[in-house]
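Student: Could you take me through this model, term by term? I want each label set against its cut-off.

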Amino acid sequence: MSVSRRGFLGLVLAATACGSESRTTPTAAARNAWSFTDDRGRKIDLPARPTRVVAQVSAAATLWDFGVRPMAVFGPHRLESGAKDPEAGDIDIAKVQAIGNAWDEFNVERYIALRPEVLIAGMYLKNELWYVPAKSSAAIEQVAPTIGIQQENKAGDELIRRYEQLAVALGGAAQEQARARFVAAEKALVKAVGPKVLFCAASPDQFWVCDPRKFPDLQYLLSKGLDIVVPDRPDGYYETLSWENVDKYDADAIFLDARAQSMKASEVIAKPTWPKGAQVYPWRAEMRFSHQGYAVLLEELAANLAKVRLS
């Protein structure tokens with residue numbers, strides 16, 4: 001059956017149009033594609049937004065505050081008593097899998113069995129994912145893409161914005177009520193600044209004076225006017241002192257690392273060389289980088305600074 005020249009031309013034009021459309025109209029797969037560039041400069045490309053997310057507990061707690069629900073966590077999230085570690089924030093630890101609860105305890109086999117789509121962790125050292133053991137990093141990288149958020153030399157409020165970007169990309173959302181609480185807590189803190197304070201961590205054998213320029217929360221607090229002791233001879237994040245020299249720096253109050261791995265305040269105060277009458281308050285050294293997390297940190301800090309001022 002012959003086709004008229006006009007009909008043939010119509011068929012050619014239709015075919016051309018279809019071909020052109022197929023080249024210019026995004027496919028469903030392209031529309032659903034997901035990408036994110038982390039702080040190592042790595043671009044992660046996935047066919048769809050990942051839902052099977054595994055995260056270091058501090059990052060997981062931060063994402064949780066923005067509405068993202070990781071399926072599994074690693075790092076300190078459960079105390080010896082079985083209670084939730086404060087580092088886990090508002091995570092419901094009964095609803096997440098665990099692939100490690102301490103340093104160098106990452107269970108690679110369990111991680112593989114979870115079939116993760118992405119792993120997320122902060123980085124305090126360049127390109128080193130927090131709580132991901134170096135000896136297993138190659139095997140872990142082969143399972144799923146990893147996302148690293150650089151936390152060294154970054155202020156806390158800057159990291160809140162960065163984690164919010166990641167959370168939104170993962171399907172979370174800005175939490176306006178938490179943001180308003182954070183703004184109010186920040187204003188209250190600024191009014192409470194005045195006393196000179198020292199941030200530290202302790203073990204039975206050594207005492208570490210923190211360099212506030214190295215820690216995201218302390219760098220942020222410096223920018224808000226808090227008078228924080230800066231050690232003379234820091235080696236990285238701390239200056240290490242013996243207990244005989246624990247009183248090297250004068251401060252109106254001392255904020256002690258409240259994580260499970262640090263000495264408790266009662267143990268520190270019991271040390272024979274501890275300065276008599278020194279006031280000790282908790283330092284939430286790994287508070288999550290969300291408006292909600294930092295609001296809690298600032299509210300507690302402002303309340304404790306008010307006690308110092310009244311003493």
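**A covered helix**

Tutor: Start with helix H3 (residues 57-65), which is mostly covered: 9 of its 9 residues are buried. This is a predicted model: local features need pLDDT of at least 70, side-chain atom pairs count only at pLDDT 80 or more, and totals for chains, interfaces and linings use all residues. Residues are numbered from 1 along each chain as its sequence is written, and side-chain values use heavy atoms, with hydrogens and water left out.

Student: What makes a run of residues a helix or a strand here?

Tutor: Both are DSSP runs, numbered from the N terminus: helices are H or I with at least four residues, strands are E with at least two. The chain has 10 helices and 13 strands.

Student: Which residues of H3 are called buried?

Tutor: Buried means under 20% relative accessible area, with exposed over 50% and partly exposed in between (1.4 Å probe, protein chains only). In H3, Val 57, Ser 58, Ala 59, Ala 60, Ala 61, Thr 62, Leu 63, Trp 64 and Asp 65 are buried. Of the 311 residues of the chain, 46% count as buried.

Student: What caps the N-terminal end of H3?

Tutor: Gln 56 does. One of its side-chain oxygens lies 2.8 Å from the backbone nitrogen of Ser 58. A polar contact is a pair of N or O atoms within 3.5 Å; within protein, one must be able to donate a hydrogen and the other to accept it, and residues adjacent in sequence count only if both atoms are side-chain atoms. Just after H3, Gly 67 takes a positive phi of about 95°.

**A buried proline**

Student: Why is Pro 50 called buried?

Tutor: Its relative accessible area is 2%, so Pro 50 is buried. Pro 50 is found in the loop between strand E2 (43-46) and strand E3 (53-56).

Student: What does Pro 50 touch?

Tutor: Contact means heavy atoms within 4.5 Å. Not counting residues up to four places away in sequence, Pro 50 touches Trp 34, Glu 117, Val 118 and Leu 170. The C-alpha atoms of Pro 50 and Ala 33 are separated by 9.9 Å, and these residues are 17 apart along the chain. Across the chain, among contacts between residues at least 6 apart in sequence, 68% join residues at least 24 apart.

**Paired strands**

Student: How do you know that E12 and E13 pair?

Tutor: Two strands pair if DSSP finds at least two bridges between them. E12 and E13 have 4 bridges, in the parallel sense. Ile 254 stands opposite Val 280 in E13. Strand E8 (residues 196-202) is also joined to E12 by 4 bridges, and these run parallel. There, the bridge partner of Leu 198 is Ile 254 in E12.

Student: Why is E12 called largely enclosed?

Tutor: 5 of the 5 residues of E12 are buried, so the rest of the structure largely encloses this strand.

**Cavities and pockets**

Student: What makes a space a cavity rather than a pocket?

Tutor: Both come from a 1 Å grid over the protein atoms alone. A cavity is a set of points where a 1.4 Å probe fits but cannot get out; a pocket is an open set with protein on both sides within 12 Å along at least five of seven lines. Lining residues have an atom within 4 Å of a point. Grid points are joined across faces, edges and corners, and a volume is the space filled by probe spheres set on the points.

Student: How many cavities of 30 Å³ or more does the search find?

Tutor: It finds 3. Helix H8 (216-223), strand E13 (280-283) and helix H10 (291-310) each supply at least two residues of its lining. The second largest cavity has a volume of about 40 Å³.

Student: How does the lining of the largest cavity divide by class?

Tutor: Ala, Val, Leu, Ile, Met, Phe, Trp, Tyr, Cys and Pro count as nonpolar, Asp, Glu, Lys and Arg as charged, and the others, Gly among them, as polar. The lining of the largest cavity has 8 nonpolar, no polar and 3 charged residues.

Student: Which residues lie nearest the centre of the largest pocket?

Tutor: Trp 103, Trp 130, Tyr 131, Arg 259 and Glu 286, out of 32 lining residues. The largest pocket has a volume of about 840 Å³. Its lining divides into 18 nonpolar, 5 polar and 9 charged residues.
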